[in-house]
Amino acid sequence: MKLNTHAMRYLTNEDFRVLTAVEMGSKNHEVVPTPLITQIAGLRGGAGVARMISTLAKTNLIAKVPNAKYDGYRLTYGGYDYLAMKAFSKKGAIYSTGNQIGVGKESDVYVVASETGEQRILKLHRLGRISFRTIKQNRDYMQNRKSASWMYMSRLSAEKEYTFMKILYENNFPVPKPIEQNRHCIVMELIDAFPLRGIEVVEDPEKLYSDLMALIVRLGRAGLIHGDYNEFNILVYPSGQPILIDFPQMLSIDHQNAEEYFDRDVDCIITFFERKFGYVGGERPDFEKDVREKRSGDLDVQVAASGFTKKKWRELDAYRAEFLSDSDSEDDSEEDSEEESDEEESGSEQEEEGSAQESEEEEDENKEKSAEQDSDFEDDL
Ligand code: ADP
Ligand code: MG
């Protein structure tokens, strides 16, 4: 799913109002009825609104849902991207977008620039690239369908990453500086360094190895395990200084499988150093002795206090455990989300209401944000 900023050049404020209305309507409706879109947008109906809806649908920001029992639309990935981009633009976090530098199963990463030309990184979280079949196999979990929607889960993932990055940054861990988060996207400092994966020669492998193990241990003593501590998620400056990225899967050292995850992170480094640099014999940190017994912080508790609640953490964990451990669901995302929404459509109103209530707080906040976004869009974006 490519980030498409093209439409931003010609969409009017009224088009944008209609798009925002579809987003707001989708909090409680899988398929947002056309009259409701008009009503939320606060525009008079008739040909005007119909034309705006048609423009948005042609640009793939919203999509007409086939087989719906009534005439309606849903927001697409592209529409959700657009809303986040517009919010970033308004805040001055992003002025123009550049090249895509990363395509993961769960994210797209772009280089972008601020108004002053400062290069930054935009990461769009893309959860929900799961197939209809997978959902069927997970009926129990899917009972709370609303919570499992791609929009909600992608936003949770971005919120988690941003909250963790912020707390790590504030505690002087070597991570990019977080700049903004909106919906499923975050903007952060661009680290002008290569992933460890692509580095052929390091001056002092022993030193880098022990720095990386020291970092795992320091994180652990502060209460956290990275959970995906590998050569793709560690950037290394020419000076040899490592910077850690990619936090949606982080976990607490009090997690029931903490030791297993900790050991897996340690093993990734050991294996990589042996294979790539022929380096063996470095010290291996022990979870009990080096981390748990020497715990000195509670960043895992602090993240909950700073907005990423335990409930959200659990919800995201449950989703990740169900859907993301299985690595063969590479199906096309648009098709998936269509299938997914067909599936979700059959969920009872009650289920949807229940979960809508649970995330009431965020939704209020989102409405506020949406209501703010009325200004003209930067031409360059
Ligand atoms: P994913 O979940 O898709 O693995 P990552 O956060 O690991 O997402 O980012 C994917 C790739 O994008 C990284 O391997 C790295 O090359 C690049 N990248 C991500 N964040 C930054 C950053 N702040 N500075 C420079 N490059 C980055
Ligand atoms: Mg990564």
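In this predicted model, the axes of helix H8 (residues 205-221) and helix H9 (residues 258-277) come within 11 Å and cross at roughly 175°. Because angles over 145 degrees count as roughly antiparallel, H8 is roughly antiparallel to H9. On the H8 side the contact is made by Pro205, Tyr209, Leu212, Met213, Ile216 and Gly220, while H9 contributes Phe262, Asp265, Val266, Ile269, Phe273 and Phe277. By residue class, this contact of H8 with H9 comprises 10 nonpolar, 1 polar and 1 charged.

A separate element is an open sheet of 3 strands, which has the order E1-E3-E2 and antiparallel pairing. Its edge strands are strand E1 (32-33) and strand E2 (62-64), each of which pairs on one side only. Strand E3 (residues 72-75) runs antiparallel to E2 and is joined to E2 by 3 bridges; within this sheet, Ile62 has Leu75 in E3 as its bridge partner.

Turning to the ligand, 18 residues surround ligand 1, and the closest are Gly102, Gly104, Pro176, Ile191 and Asp246. The shell around ligand 1 divides into 10 nonpolar, 4 polar and 4 charged residues. Each of the strands tabulated here supplies at least two residues of that shell.

| Strand | Residue range | Residues supplied to the shell around ligand 1 |
|---|---|---|
| E4 | residues 96-103 | at least two residues |
| E5 | residues 107-113 | at least two residues |
| E6 | residues 119-125 | at least two residues |
| E8 | residues 185-189 | at least two residues |

Conventions:
Residues numbered from 1 in each chain as written. Chains lettered and ligands numbered in written order. Predicted model: local features only at pLDDT ≥ 70, side-chain atom pairs only at ≥ 80, totals over all residues. Axes fitted to C-alpha atoms, helices over the stretch in contact; angles between N-to-C directions. Helix = DSSP H or I, 4+ residues; strand = E, 2+ residues; numbered from the N terminus. Parallel < 35°, antiparallel > 145°, perpendicular 65-115°, else oblique. Contact = placed C-beta atoms within 7 Å. Nonpolar A, V, L, I, M, F, W, Y, C, P; charged D, E, K, R; others polar. Pairing = 2+ DSSP bridges. Near = placed C-beta within 6 Å.
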